[in-house]
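Me: I would like to learn how to read a model of this kind, beginning with the overall fold and then turning to single residues. Could you take me through it step by step?

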Amino acid sequence: MTRSHPPRDAPVLLVTGASGGIGAATARLAAARGWSLVLAARSPDALRALAAELGGPARAVAVPCDVREWEQVAALAQRGEEAFGRLDAAFANAGVFTPTSFLAATGSPEQWREMVLTNVYGTALVARAVLPALLRSRGHLLLTGSVAGRVTIPGQLYSATKWAVTALAQSLRAELIHTGVRVTLLQPGLVAAGEIAPDRQVDPVLAAEDVARAVLFALDQPDTVDISEIVIRPTGQHPHR
């Protein structure tokens, strides 16, 4: 049973892409462990429903946000500090998947653009926006990458965007090395939380809750421990997919 009115000094976690999938699962698990939540996503109705489920304004605030838009992203940390007085961790989780091929007409150019802007530019914007608050709290920045950001997948622009997130996490960690801010890159394998490519419909999958537990594992470490990367695959997933 979660508390309905957490103390003012309860740790505060911001989650983007919080309206479903990994983001919503992480928000639910974090709330159950005493975190206050700032929930951001492009789906305002689902977002507000989740915030209400987790206890309403005393525990969770909903901030509709498109991570591709700097003005909206820039307001996220401020909203968290206004609501709860601090920001201890941010999970840059928002992302989209579009099947692609460089030989076949798979996915429209506009879908490609949305994926690159959301997965790469949007993740970078979230990092830029939350770091001042995380520097004040000596907090924790987490990013959702992918196993696809570790291996080469033929024809998949999605894989290229997640390679970019891998590089972004490493670059952030190097820049923040003397600040006390920790950076964790989550690299899940196939997750049953969104669209799955047709050729992978029978592959083993993770539940969103499996990834959420990995997020909370990283967050639960003492501030002297930096979990730099977590790779989590469903049992039986091929190591090169």
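Reply: Helices (H or I, at least four residues) and strands (E, at least two) are DSSP runs, numbered from the N terminus. By that reading the protein chain has 6 helices and 7 strands, which follow one another from the N terminus as β-α-β-α-β-α-β-α-β-α-β-α-β. This is a predicted model, in which local features need pLDDT of at least 70 and side-chain atom pairs count only at pLDDT 80 or more, while totals for chains, interfaces and linings use all residues. Residues are numbered from 1 along each chain as its sequence is written, and side-chain values use heavy atoms, with hydrogens and water left out.

Me: Is Thr123 buried or exposed?

Reply: Buried means under 20% relative accessible area, exposed over 50%, and partly exposed in between (1.4 Å probe, protein chains only). Thr123, which lies in helix H4 (residues 109-137), counts as buried because its relative accessibility is 4%. Of the 241 residues of the protein chain, 51% count as buried.

Me: With which residues is Thr123 in contact, leaving aside its neighbours within four places in sequence?

Reply: Contact means heavy atoms within 4.5 Å, and with those neighbours left aside Thr123 is in contact with Ala92, Ala94, Thr118, Leu143, Val165 and Leu168.

Me: Where does Phe102 lie, and is Phe102 buried or exposed?

Reply: Phe102 lies in the loop between strand S4 (89-92) and H4, and counts as exposed because its relative accessibility is 54%. Apart from neighbours within four places in sequence, Phe102 is in contact with Trp112, Gly155, Gln156 and Leu157; the C-alpha atoms of Phe102 and Gln156 are separated by 7.9 Å, although the two residues are 54 apart along the chain.
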